[in-house]
Amino acid sequence: MKISENWLKEWVKTDADTQQLMSELTMLGLEVDGVEPAAGEFSGVVVAEIVACEPHPDADKLKVCRVNAGDEELQIVCGAPNARVGLKTALSKIGAILPGDFKIKKSKLRGVESHGMLCSEVELGISQESDGIIELAADAPVGADVRGYLSLDDQIIEIDLTPNRADCFCMHGVARDLATLHDVVINGPEVINVPVIIDDKLNAQIKAEHQCPKYGSRVIKGIDNSKTSPVWLKEKLRRAGVKSIHPVVDVTNYVMMELGQPMHAFDQAKISGDIIVRMAKDKEPLRLLDGSDVELTPEFLMIADEQKPLAVAGVIGGLDSGVTFDTTDIVLESAYFDPATIMGKSRKLGVHTESSMRFERGVDWNLQEVALQRATALIVDICGGSVGPINITEIAEELPQQQNIVLTEEKLNRVLGFEVATDKVTQIFNSLGFETSYQNNRWQVVSPTWRFDMGIAEDLIEEVVRVVGYDQMPAHRLNSTDAIRTIPETIRHTKFLKAQLSGMGYQEVINYSFVAEKQLQDLGLDAAGFGLANPLNNDMAVMRTHLLPGVLANIKANLSRQEADLALFEMGKVFKKEGSISQNDTLILAKTGLNTIEQWGMASQKVDFFDLKGDVEELLADVSGQLAFIQSEYPFLHPGRQADVLIDGDLVGYLGQVHPAVCQKMKIKQDVYVANFVVEAIQGVLLPQWHAISKFPKIRRDLSILINENITWSEVSEVVKQSLGEETERLVGLNLFDVYKGEHIEKGYKSLAMALIFQEKNRTLEDKEVDKLVSKAVSFLAEQFNAEVRT
């Protein structure tokens with residue numbers, strides 16, 4: 001929320017400068033996000049009146065104006081479409097300095113001298129866009145300094161409010177906190193009760209009592225909405241980040257920014273019969289104020305008349321019932337809507353409004369009459385008109401209830417760790433609007449109607465400490481008797497997994513836990529997914545069931561920036577709804593592009609399945625169990641280039657090439673290889689153990705076998721090891737060094753060439769012993785797989 005420092009100081013008399021004010025607001029819990037000047041730095045700009053305006057003799061779009069600057073009349077050449085006789089505007093005289101250190105000099109435009117420049121809001125650093133020169137009020141004093149006239153020596157402070165502080169989405173709320181800190185009285189505006197002249201009123205039928213327990217309205221007839229909003233009003237709205245439209249809308253927005261009550265105005269001529277507050281019908285159409293057409297569902301609260309819908313309650317009005325410059329009779333609306341009913345509705349409509357932001361957090365349910373009186377006085381003052389009575393329809397039992405809370409002095413001091421004077425605590429509660437009584441060392445407090453976050457004694461303690469100041473809390477040496485839990489050495493912490501992957505050349509990515517539903521559907525991973533009740537947008541509507549969508553999006557983003565050689569990993573939670581909701585820590589690796597950096601000394605080679613398999617084997621080299629790879633069938637992976645990863649026969653993950661069809665859908669034009677693991681399943685590791693190094697020579701035997709092409713190397717290696725039985729320790733190496741299919745090999749078969757390396761720890765092996773071991777292996781292979789030795 002943006003607040004003007006000058007406007008705030010109208011409410012709270014304080015000598016604090018901007019920096020001190022920012023610090024005080026932050027310590028009060030209203031964190032300051034930033035500050036910016038209300039206008040750029042300029043000087044020599046005065047209020048001037050155009051007294052004559054003629055077309056430029058040599059340019060269609062330029063005008064030659066005679067301008068009264070107070071002490072002299074000047075000739076100014078101007079191209080603004082709104083330059084006209086009688087207009088009071090801003091004149092930068094010769095010698096004036098505009099933002100950007102731009103100095104105004106005497107000049108000629110198409111042969112006509114110009115002794116200065118008529119300025120737009122953009123040129124003075126007041127706004128980012130403008131349709132012409134500034135239009136000042138008709139009573140603006142000619143010759144006065146524009147900077148002083150518009151009070152532009154001001155700072156705009158932006159504060160970031162927590163969801164519980166809905167009461168501070170207005171000047172009154174912020175001022176209340178600041179006045180409490182300084183122990184001064186708020187100088188709020190005087191709310192005038194405008195005399196009722198006419199009897200016209202609009203009845204309200206509330207058919208959704210829980211959703212709208214209070215609805216107020218007032219009829220004002222005979223207004224002139226074609227008038228221009230006064231400069232002070234437009235300036236205060238601008239500094240609050242609200243665009244000026246026309247007087248009626250400007251006033252309702254102003255009252256919202258001032259008091260915190262969102263309001264709406266209808267054109268009475270466009271309302272048929274009574275106002276009806278009801279839930280929307282299924283697929284009920286409505287054209288919104290922004291011109292968009294929507295179809296509503298029964299979860300939306302509607303403001304309607306007896307024939308048609310008029311507005312989405314608490315969110316946005318309808319275009320067909322809105323107030324225009326030509327409107328003469330209006331109906332002001334001021335209501336209290338249930339926050340839960342309004343929550344999330346603006347996002348579902350794809351709009352963001354100041355009203356919905358306040359209603360979904362909760363507004364003061366005693367503010368509606370005050371807001372109607374304040375808005376009425378301003379509208380009548382600007383536009384004139386005859387005022388009808390305020391009509392309030394209320395269902396008292398459906399309104400929120402104020403909370404009675406007891407806080408003892410002993411609890412306050414114990415929780416804070418220091419004492420606060422009783423009178424100071426009482427003053428804080430009273431200044432913040434609480435009904436407070438103190439007796440028998442305890443405060444009996446009733447929460448105000450604008451505070452929805454008060455319920456327990458700890459809430460009151462927080463109010464005390466944020467006003468007294470967190471920096472006033474004394475420092476104490478902390479101590480604890482908690483035992484530090486040790487992690488067994490056989491469990492590898494996730495930070496070591498990440499460190500190992502970083503050492504292997506992988507870079508960590510971190511993605512949101514929310515993804516688009518289509519991302520999961522494209523991968524066939526949406527079966528156990530579930531959506532969010534109030535998603536930020538359609539791209540973040542579903543909780544992820546897998547890390548793959550996020551990593552593929554990372555790869556696509558990098559490829560679009562010519563980063564084609566990637567090795568990425570992500571460790572995070574995935575969520576599934578299978579009866580109940582579960583969440584598990586998962587690790588994913590992804591590789592694509594070239595396996596090594598391009599260089600002259602070796603040929604470039606693209607990443608393939610076996611590169612990623614090698615990384616997986618390195619990552620899991622120390623796991624406590626037997627690592628194995630078996631064929632798998634995941635629809636989002638290439639059918640011939642994927643495998644399950646097992647440890648002691650238990651599935652812990654899988655790896656493979658992302659299916660080309662998936663990559664094509666995502667417009668990824670190169671192969672991507674991924675590996676996915678359950679983190680908990682790969683954390684167990686073996687502790688290093690000392691082994692003596694054999695001093696005796698190794699003996700190698702090469703063996704080539706003919707075998708069915710569907711039998712994997714992991715199956716072959718496992719049978720070789722089984723064949724040696726208790727003598728497996730002598731086999732210190734078993735390596736596959738060649739796979740061949742083609743000429744001289746029968747179709748459906750392949751040739752595997754392997755190296756068997758033997759070594760004994762305490763003596764030299766003899767050739768006949770080694771030959772015997774190899775023969776065992778050959779026999780087992782022949783028996784298990786019908787393998788034949790190739791000679």
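Me: Why are α12 and α13 called roughly perpendicular to each other?

Reply: First, the basis: this is a predicted model, in which local features need pLDDT of at least 70 and side-chain atom pairs count only at pLDDT 80 or more, while totals for chains, interfaces and linings use all residues. Residues are numbered from 1 along each chain as its sequence is written, and side-chain values use heavy atoms, with hydrogens and water left out. Helices (H or I, at least four residues) and strands (E, at least two) are DSSP runs, numbered from the N terminus. The axes of helix α12 (residues 422-431) and helix α13 (residues 457-468) cross at roughly 100 degrees and come within 10 Å. Axes here are lines fitted to C-alpha atoms, for helices over the stretch in contact, and angles run from 0 to 180 degrees between N-to-C directions. Angles under 35 degrees count as roughly parallel, over 145 as roughly antiparallel, 65 to 115 as roughly perpendicular and the rest as oblique. The two helices are therefore roughly perpendicular to each other.

Me: Which residues make the contact between α12 and α13?

Reply: Val 425, Ile 428 and Phe 429 of α12 meet Leu 460, Glu 463, Val 464, Val 467 and Val 468 of α13; contact means heavy atoms within 4.5 Å. By class, the contact of α12 with α13 has seven nonpolar residues, no polar ones and one charged. In that count Ala, Val, Leu, Ile, Met, Phe, Trp, Tyr, Cys and Pro are nonpolar, Asp, Glu, Lys and Arg are charged, and the others, Gly among them, are polar.

Me: What makes α5 oblique to α6?

Reply: Helix α5 (residues 231-239) and helix α6 (residues 247-259) pack at about 55 degrees, with axes 10 Å apart. That angle makes α5 oblique to α6. α5 passes α6 in a left-handed crossing; a crossing is left-handed if the near helix is turned anticlockwise from the far one by less than a right angle, and right-handed if clockwise. On the α5 side the contact is made by Trp 232, Leu 233, Lys 234, Lys 236 and Leu 237, and on the α6 side by Asp 250, Val 251, Asn 253 and Tyr 254. These residues divide into five nonpolar, one polar and three charged.

Me: Why are α6 and α10 called oblique to each other?

Reply: α6 and helix α10 (residues 368-383) pack at an angle of about 140 degrees, with their axes 9 Å apart, and are therefore oblique to each other. Their crossing is right-handed. In α6, Pro 247, Val 251, Tyr 254, Val 255, Glu 258 and Leu 259 take part, facing a set in α10 that includes Val 370, Ala 371 and Arg 374. The contact of α6 with α10 divides into twelve nonpolar, no polar and two charged residues.

Me: How do you know that the span of helix α4 agrees with its number of residues?

Reply: The expected span of a helix is 1.5 Å times one less than its number of residues. For the twelve residues of α4 (residues 171-182) this gives 16 Å, and the end C-alpha atoms are 16 Å apart, which agrees. α4 is mostly covered, with nine of its twelve residues buried, among them Met 171, Gly 173 and Val 174. Asp 183, with a positive phi near 55 degrees, follows α4.

Me: Why is Ile 316 called buried?

Reply: Buried means under 20% relative accessible area, exposed over 50%, and partly exposed in between (1.4 Å probe, protein chains only). Ile 316 has 12%, so it is buried. Ile 316 lies in strand β20 (residues 316-317).

Me: What makes Leu 62 partly exposed?

Reply: Its relative accessible area is 23%, so Leu 62 is partly exposed. Leu 62 is in the loop between β3 (43-55) and β4 (63-68).

Me: Why is Asp 101 called exposed?

Reply: Asp 101 has a relative accessible area of 66%, so it is exposed. Asp 101 sits in the loop between β6 (88-98) and β7 (102-103), and has a positive phi of about 60 degrees although it is not a glycine. Most residues other than glycine have a negative phi.
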